[in-house]
Amino acid sequence: MVERANKPKPPNLSSTPGLPPQATVTFSEDNSRVIAELPTGETVEVLLYGATVISWKDASGDEKLWLSEAAKLDGSRAVRGGIPIVFPVFGTAPDHPQTKDLPQHGFARTSRWEFLGKSTSESAGRATDEPTVKLDFGLSSAAPGLDPKATAHWPFKFNLIYSVTLKRESLTTSIVATNDGSAPFDCQVLLHTYLRVKDITTVNITGLQNATYIDKVDASTTKQETAPTLTITGETDRVYTTTADTSDAADDGAVTVTEANNTPRFRVTRDNLSNVVVWNPWADKAEGMADFAPKDGYKQMVCVEPGSVGAWQSVEGGDGFEGAQTITLLH
Ligand SMILES: O=P(O)(O)OC[C@H]1O[C@@H](O)[C@H](O)[C@@H](O)[C@@H]1O
């Protein structure tokens with residue numbers, strides 16, 4: 001065939017006149033992850049294994065989440081870093097008959113989810129100035145990618161939808177868990193976010209004053225937070241109980257992370273999630289975790305994990321539980 005010099009080009013749909021530029025959504029070559037990019041350059045990357053957000057970058061390419069250099073991304077174990085999803089049990093619950101045989105933090109983070117599709121600000125019918133992309137992922141009791149431990153030890157009919165929404169200045173992740181069977185089930189939900197920080201010794205966390213918390217590094221004693229700011233100076237593992245819904249409030253109950261010279265970094269708001277776990281393994285625990293690297297990486301991370309883990313959510317047949325977090329970048 002003879003190549004024509006001025007061969008007509010197919011129309012470039014992303015630059016159709018009159019339409020604002022749209023987000024792009026691509027799959028990695030091995031189909032293991034979905035990558036979304038806003039026309040302004042912000043990106044988010046979600047591994048189908050666990051529907052784990054493993055990267056969130058601003059337009060300059062600056063990474064906002066911490067991901068261990070030794071994290072397994074091949075589906076052989078839960079991802080160390082990013083945003084693993086904890087469901088239906090936080091930690092382990094040997095005294096809770098329904099979940100006692102499930103692995104630590106449940107099976108959502110160790111199952112392969114299905115990518116259900118995307119919506120952009122335009123396809124959602126809102127051609128707004130603000131570029132937005134939402135990625136939806138699903139996992140159900142009938143899914144081929146479900147961790148076999150779920151089938152073996154959690155005999156409920158369920159459906160999970162997890163949505164990851166990227167905007168220029170924020171990332172929202174929300175989960176809906178529905179009970180598709182007739183027997184009620186109990187569940188806990190937590191979004192185990194590893195925030196990337198420059199230097200943990202300069203980090204201040206605000207928004208937790210007066211909240212009660214369970215101090216897991218002090219024999220799970222219940223305490224009250226008296227300090228206006230929390231600093232991390234050693235192994236920290238606390239389950240705070242706070243106002244559940246902070247999505248519309250100005251500052252009330254939002255958890256804010258600042259760094260050196262009180263430079264604001266992140267503001268975490270929650271919808272229907274009344275707990276915030278703050279976790280940093282510090283040096284010794286990090287040393288003991290095979291998938292934690294570099295070993296001094298605990299200096300570059302702090303987990304601020306919105307969840308509903310203080311009590312069990314009982315979900316009746318046909319009902320659902322829904323919760324969300326929004327992490328907003330502060331400048
Ligand atoms: O090592 P995992 O299973 O990912 O858990 C990490 C941490 O997750 C936190 O949410 C828990 O409060 C900690 O107790 C736990 O150590």
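Visitor: Which residue in β9 is the bridge partner of Ile161?
Guide: Val176 is the β9 bridge partner of Ile161. Bear in mind that this is a predicted model.

Visitor: How many bridges join β8 to β9, and which way do they run?
Guide: There are nine bridges between β8 (residues 158-167) and β9 (residues 170-179), and the two strands run antiparallel.

Visitor: And which residue stands opposite Ile161 in β8?
Guide: That is Gly138. Nine bridges join β7 to β8, again antiparallel.

Visitor: What does β7 do with β6?
Guide: β6 and β7 (residues 132-140) pair antiparallel over six bridges. One of the facing pairs is Thr120 opposite Val133 in β7.

Visitor: What is the strand order of the open sheet?
Guide: The sheet has nine strands in the order β6-β7-β8-β9-β21-β18-β17-β12-β15, with antiparallel pairing.

Visitor: Which strands stand at the edges?
Guide: β6 and β15 (229-230) do. Each has a single partner strand, so one side of each is left without a neighbour in the sheet.

Visitor: Zooming out, what does the secondary structure of the protein come to?
Guide: Two helices and 21 strands. The radius of gyration is 21 Å, close to the 20 Å that the globule rule gives for 331 residues, so the protein is as compact as a globular protein of that length.

Visitor: What does the C-alpha trace span along its principal axes?
Guide: About 75 × 55 × 40 Å. Of the 331 residues, 41% are buried.

Visitor: What share of contacts join residues at least 24 apart?
Guide: 65%, taken among contacts between residues at least 6 apart in sequence.

Visitor: New topic. Which residues does UniProt list for "active site"?
Guide: The unreviewed UniProt entry lists His192 and Glu305 under that heading.

Visitor: Where is His192 found?
Guide: His192 is in the loop between β10 (185-191) and β11 (194-196). With 24 C-beta neighbours inside 10 Å, His192 counts as buried. Leaving aside neighbours within four places in sequence, His192 is in contact with Ile83, Pro84, Val86, Cys303 and Glu305.

Visitor: Glu305, buried or exposed?
Guide: Buried, with 25 C-beta neighbours inside 10 Å. Glu305 lies in strand β20 (residues 301-315). Its contacts, sequence neighbours within four places aside, include His192, Val277 and Trp279.

Visitor: Which residues surround the ligand?
Guide: Ala78, Gly91, Gln104, His105, His192, Lys216, Asp237, Val277, Trp279 and Glu305. By class, the shell has three nonpolar, four polar and three charged residues.

Visitor: Which residues does the "binding site" annotation cover?
Guide: In the unreviewed UniProt entry, that annotation covers Arg80, Gln104 and Arg109. They span 30 residues in sequence, yet no two of their C-alpha atoms are more than 13.4 Å apart, so they gather at one spot.

Visitor: Where is Gln104 placed?
Guide: Gln104 sits in the loop between β5 (85-86) and β6 (114-120). Gln104 is partly exposed, having 13 other C-beta atoms within 10 Å. Beyond four places in sequence, Gln104 is in contact with Gly91 and Thr92.

Visitor: And Arg109, buried or exposed?
Guide: Arg109 is buried, with 23 other C-beta atoms within 10 Å. Arg109 is also found in the loop between β5 and β6. Not counting residues up to four places away, Arg109 touches Gly50, Thr52, Ala78, Pro84, Ile85 and Val86.

Visitor: What is phi of Asn262?
Guide: Near 60 degrees, a positive value. Asn262 lies in the loop between β17 (255-259) and β18 (263-271) and is exposed, with 10 other C-beta atoms within 10 Å.

Visitor: And phi of Asn272, what is that?
Guide: Near 65 degrees, also positive. Asn272 is in the loop between β18 and β19 (275-280), and is partly exposed, with 16 other C-beta atoms within 10 Å.

Conventions
Residues numbered from 1 in each chain as written. Predicted model: local features only at pLDDT ≥ 70, side-chain atom pairs only at ≥ 80, totals over all residues. Near = placed C-beta within 6 Å. Nonpolar A, V, L, I, M, F, W, Y, C, P; charged D, E, K, R; others polar. UniProt positions renumbered as here; feature names shortened; annotations may be inferred. Helix = DSSP H or I, 4+ residues; strand = E, 2+ residues; numbered from the N terminus. Buried ≥ 20, exposed ≤ 12 C-beta atoms within 10 Å, placed from the backbone. Contact = placed C-beta atoms within 7 Å. Rg over C-alpha atoms; globule rule 2.2 N^0.38 Å. Pairing = 2+ DSSP bridges.
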